[in-house]
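Biologist: Could you walk me through the side-chain contacts in this one? I would enjoy going over the rings and the charges with you.

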Amino acid sequence: MIRFFAAPIAAIALLSAMAGGARAEEFDSRDIMGGGPNFFRGGSSPIPRTTVMYNGNYAPGTIVVNTTERRLYLVLQNGQALRYGIGVGRDGFRWGGVHKITAKKEWPDWTPPSQMLARRPDLPRHMKGGIDNPLGARAMYLGSTLYRIHGSNEPETIGQAVSSGCFRMTNDDVSDLYGRVGVGTTVVVLNN
């Protein structure tokens with residue numbers, strides 16, 4: 001008798017799961033807890049975060065971006081720094097200078113600048129923050145520039161020159177850096 005009911009119950013369960021599949025894709029409970037299926041997608045950066053010896057003349061707490069190395073350094077005490085892998089601007093979009101972090105945002109919205117829309121008219125005019133947003137989990141805005149240090153849901157781009165001038169980090173790394181620095185932090189961008 002139990003076998004007689006087992007097959008229909010299994011079939012109903014399978015059909016219910018298939019019918020509910022679309023709803024499961026739309027809602028992920030991790031979304032409401034600040035995560036999401038892509039938050040740490042791809043594991044960690046292809047260039048692991050590490051503490052290194054650093055011989056620079058920068059005060060502890062300074063961020064130094066070396067576009068040639070495709071690395072970002074957070075200067076620490078005692079001649080050390082935290083080194084992160086980053087994605088940088090592609091040819092024609094690299095830049096240098098000294099700025100301050102003027103704003104920090106978690107899961108920031110993205111509005112492509114007019115210059116980017118002129119090159120890519122297919123882009124959305126505005127995108128709410130979230131797991132599919134190109135700015136990723138965190139963004140730190142650099143002075144009056146259009147540029148940011150921000151997360152990315154494409155960890156394979158770390159170590160590459162693919163952006164329009166922003167500095168990309170994995171969501172894991174940008175979240176780590178975000179927690180270590182504040183508004184007013186000096187950011188030195190070296191473009192040798």
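Modeller: Gladly! This is a predicted model, where local features need pLDDT of at least 70, side-chain atom pairs count only at pLDDT 80 or more, and totals for chains, interfaces and linings use all residues. Residues are numbered from 1 along each chain as its sequence is written, and side-chain values use heavy atoms, with hydrogens and water left out.

Biologist: How many aromatic pairs does the structure hold?

Modeller: Rings of Phe, Tyr and Trp (its six-membered ring) pair if their centres lie within 6.5 Å; planes under 30 degrees apart are stacked, over 60 edge-to-face, and the rest tilted. By that rule, the number of aromatic pairs in the structure is three.

Biologist: Are the planes of Tyr54 and Tyr73 stacked, edge-to-face or tilted?

Modeller: Their ring centres are 4.9 Å apart. The planes meet at 40°, so this pair is tilted.

Biologist: How many residues apart in sequence are the parts that Trp95 and Phe167 tie together?

Modeller: These two rings form a tilted pair, 5.6 Å centre to centre with 40° between the planes. Helices (H or I, at least four residues) and strands (E, at least two) are DSSP runs, numbered from the N terminus. Trp95 lies in the loop between strand 5 (88-89) and strand 6 (97-106), and Phe167 in strand 10 (residues 167-170), so the separation of the parts is 72 residues.

Biologist: Is Phe167 buried or exposed?

Modeller: Buried means under 20% relative accessible area, exposed over 50%, and partly exposed in between (1.4 Å probe, protein chains only). Phe167 has a relative accessible area of 2%, so this residue is buried.

Biologist: On to the charges: which residue forms a salt bridge with Arg49 at 3.9 Å, N to O?

Modeller: A salt bridge is a side-chain nitrogen of Lys or Arg within 4 Å of a carboxyl oxygen of Asp or Glu. Arg49 lies in the loop between helix 2 (21-26) and strand 1, and its partner in helix 4 (residues 171-180), so the pair ties together parts 127 residues apart in sequence. Arg49 is partly exposed at 32%, and the partner at 3.9 Å is Asp176.

Biologist: Which residues are linked with Asp173 in a network of salt bridges?

Modeller: The total count is seven salt bridges. In the network with Asp173 are Arg49, Asp176 and Arg180.
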